[in-house]
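Subject: Handover of a structure and the findings on it

Dear colleague,

Please find below the structure that I am handing over to you. My findings follow after it, and I would be grateful if you would read the two side by side.

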Amino acid sequence: MRTRLSVPCLLLLSLSLNACGIISYRPGPSEFPLAAKREGLIRFYFHTGTVQDPKATDNSLPREAAILQETLERNAGFAAAILSTPPTPGLHVNAYITNKEPSPSSKFFCTLSFFTFTVLPCYSDTEGLLVQYDILIDQQFKKSYRFPIEKTQVLWIGLIPVSWINAFTITRISAFEATIHEFIKAGQADGLLPTLPAEGQ
């Protein structure tokens, strides 16, 4: 019985602590025009950095992978972006997300804040993610592109009245999508990704 109760209690505690904090990510959202036409195929592989449960029955794409797939089709102009495990012929993109651990001091004070239910405040701006995109053509590695995602958070029980601000901060998903836009622009500038006219041009 104790084990069954522990999971809901932990979830409730997590939600309560989230209401005591303000979290935002960078880079911010970026505008990227839709491609006027779609042609060609691109294959991609996405790794979140977490170990998947082999017994899991849900085979849907992670949210980031689905966003990458949609952006490659709608913005980069590919007729289809196909999830495929390398090596594969033709144009292929490997995408990776790795976590950047916070500094020891930030980790200490935020852990202390957690155990005091955020009575003691915590500020951290050293945690984040690193998104890497590798381009391969006919199984030959061409170039890597790396884009950091910075996370800033403030935890304090006094922030509960203004926790609604989180509805207007930049989310992790928005920051990730911005790295896709930067990757496509860089790949096109290097001639490794095709450049197609945008809608309205």
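I begin with a single residue and its surroundings. Apart from neighbours within four places in sequence, serine 124 is in contact with Pro102, Ser106, Cys110, Lys151, Thr152 and Gln153. Please note that the model is a predicted one. Serine 124 belongs to strand 5, which covers residues 122-137. Is serine 124 buried or exposed? Its relative accessibility is 2%, and because buried means under 20%, serine 124 counts as buried.

Next, the chain as a whole. It contains 4 helices and 6 strands. Read from the N terminus, these elements follow the order α-β-β-α-β-β-α-β-β-α. The chain has 201 residues, of which 34% are buried. Of the contacts between residues at least 6 apart in sequence, 80% join residues that are at least 24 apart.

With a relative accessibility of 47%, phenylalanine 109 counts as partly exposed.

Finally, I turn to the aromatic rings. A pair of aromatic rings is described by the distance of the centres and the angle of the planes. In the whole structure, a search finds 7 aromatic pairs. One of them joins phenylalanine 108 and phenylalanine 109; this pair is edge-to-face, at 5.2 Å centre to centre and with 75° between the planes. For phenylalanine 114 and phenylalanine 115, the ring centres are 5.5 Å apart and the planes stand at 85°, so this pair is edge-to-face as well. Phenylalanine 114 counts as partly exposed, at 39% relative accessibility, whereas phenylalanine 115, at 61%, counts as exposed. Elsewhere, Tyr133, Tyr145, Phe147 and Phe183 are linked by ring pairs into a cluster.

With kind regards

Notes: Residues numbered from 1 in each chain as written. Predicted model: local features only at pLDDT ≥ 70, side-chain atom pairs only at ≥ 80, totals over all residues. Heavy atoms only, no water. Buried < 20%, exposed > 50% of the residue type's maximum accessible area, 1.4 Å probe, protein only. Helix = DSSP H or I, 4+ residues; strand = E, 2+ residues; numbered from the N terminus. Contact = heavy atoms within 4.5 Å. Phe/Tyr/Trp six-rings, centres within 6.5 Å; stacked < 30°, edge-to-face > 60°.
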